[in-house]
Amino acid sequence: MTYLWVKAFHIIAVVCWFAALFYLPRLFVYHAMSDDETSKERFKIMERKLYRGIMTPSAVVSVALGIWLVSLMPNIYMSGGWFHAKVTMVLLLVIYHAICGYHLKQFKADKNTKSHVYFRWFNEMPVLLLIGIIIMVVVKPF
């Protein structure tokens with residue numbers, strides 16, 4: 001029963017993390033397009049609160065609960081190639097999260113050099129990782 005509760009809260013944390021991963025780069029798009037100081041300052045506040053208040057805590061809880069799940073049934077997870085592929089994609093997601101933090105700092109210091117077009121493409125990366133992760137977990141192709 002513990003396994004199911006941990007799994008349920010893991011999924012909830014992952015949904016929250018992805019919601020933030022989808023929204024923060026969209027804020028970057030609008031921030032990169034803004035011209036007036038009022039808008040720029042507003043975006044800085046929104047981005048900081050999203051990154052620190054939702055995105056990072058959700059990431060930490062997602063990873064912690066994922067590790068807990070593996071510790072409850074290590075043989076099931078460690079023997080599957082699908083799991084290793086999933087973990088690789090999660091590591092890429094953590095790197096993406098860190099890159100978002102870098103962009104956040106650039107915007108905060110008014111040193112962003114990327115265009116809104118860059119951020120529109122950047123915003124698609126977590127979608128691809130989400131698709132891959134879900135396929136690994138549900139289909140377990142190998």
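Where is Lys 140 found? Lys 140 is in the segment after α6. Helices here (H or I, at least four residues) are DSSP runs numbered from the N terminus.

A word on the source. This is a predicted model, in which local features need pLDDT of at least 70, side-chain atom pairs count only at pLDDT 80 or more, and totals for chains, interfaces and linings use all residues. Residues are numbered from 1 along each chain as its sequence is written, and side-chain values use heavy atoms, with hydrogens and water left out.

Back to Lys 140. Its phi is near 50 degrees, a positive value in a residue other than glycine. Lys 140 counts as partly exposed, at 40% relative accessibility. The scale is this: buried means under 20% relative accessible area, exposed means over 50%, and partly exposed is in between, with a 1.4 Å probe and protein chains only. Asp 110, in the loop between α4 and α5, also has a positive phi, near 55 degrees. Most residues other than glycine have a negative phi.

Next, the core. A nonpolar core is a set of buried Ala, Val, Leu, Ile, Met, Phe, Trp, Tyr and Cys residues joined through side-chain atoms within 4.5 Å. The largest one has 33 residues, and those touching the most other members are Leu 21, Leu 24, Phe 28, Met 55, Tyr 77, Leu 93 and Cys 100. At least two residues each come from α1 (2–33), α2 (37–72), α4 (81–108), α5 (116–122) and α6 (125–138). Helix α1 gives the most, with ten residues. In soluble globular proteins, nonpolar side chains tend to be buried together.

Take Leu 24 as one example. Not counting residues up to four places away in sequence, Leu 24 touches Glu 47, Leu 50, Tyr 51, Met 55 and Cys 100. Contact here means heavy atoms within 4.5 Å.

How many disulfides does the structure hold? It holds zero, a disulfide being a pair of cysteine sulfur atoms within 2.5 Å. The sulfur of Cys 100 is 16 Å from the closest cysteine sulfur, in Cys 16, so the two are too far apart for a bond. Cys 100 is buried, with a relative accessible area of 0%, while Cys 16 is partly exposed at 33%.

Now the annotated positions. The UniProt annotation "binding site", from an unreviewed entry, covers His 10 and Lys 86. UniProt positions are given in the numbering used here, feature names are shortened, and annotations may be inferred rather than shown by experiment.

Why can these two be said to gather at one spot? They span 77 residues in sequence, yet no two of their C-alpha atoms are more than 14.5 Å apart, so they gather at one spot.

His 10 lies in helix α1 and is buried, at 12% relative accessible area. Lys 86 is in helix α4 and is buried too, at 17%. Leaving aside neighbours within four places in sequence, His 10 is in contact with Ser 62, Leu 65, Gly 66, Leu 69 and Lys 86. On the same terms, Lys 86 is in contact with His 10, Ile 133, Met 136 and Val 137.

Last, Ser 62, which sits in helix α2. Ser 62 is buried, with a relative accessible area of 3%. Beyond its neighbours within four places in sequence, Ser 62 is in contact with His 10, Ala 13, Val 14 and Trp 17.
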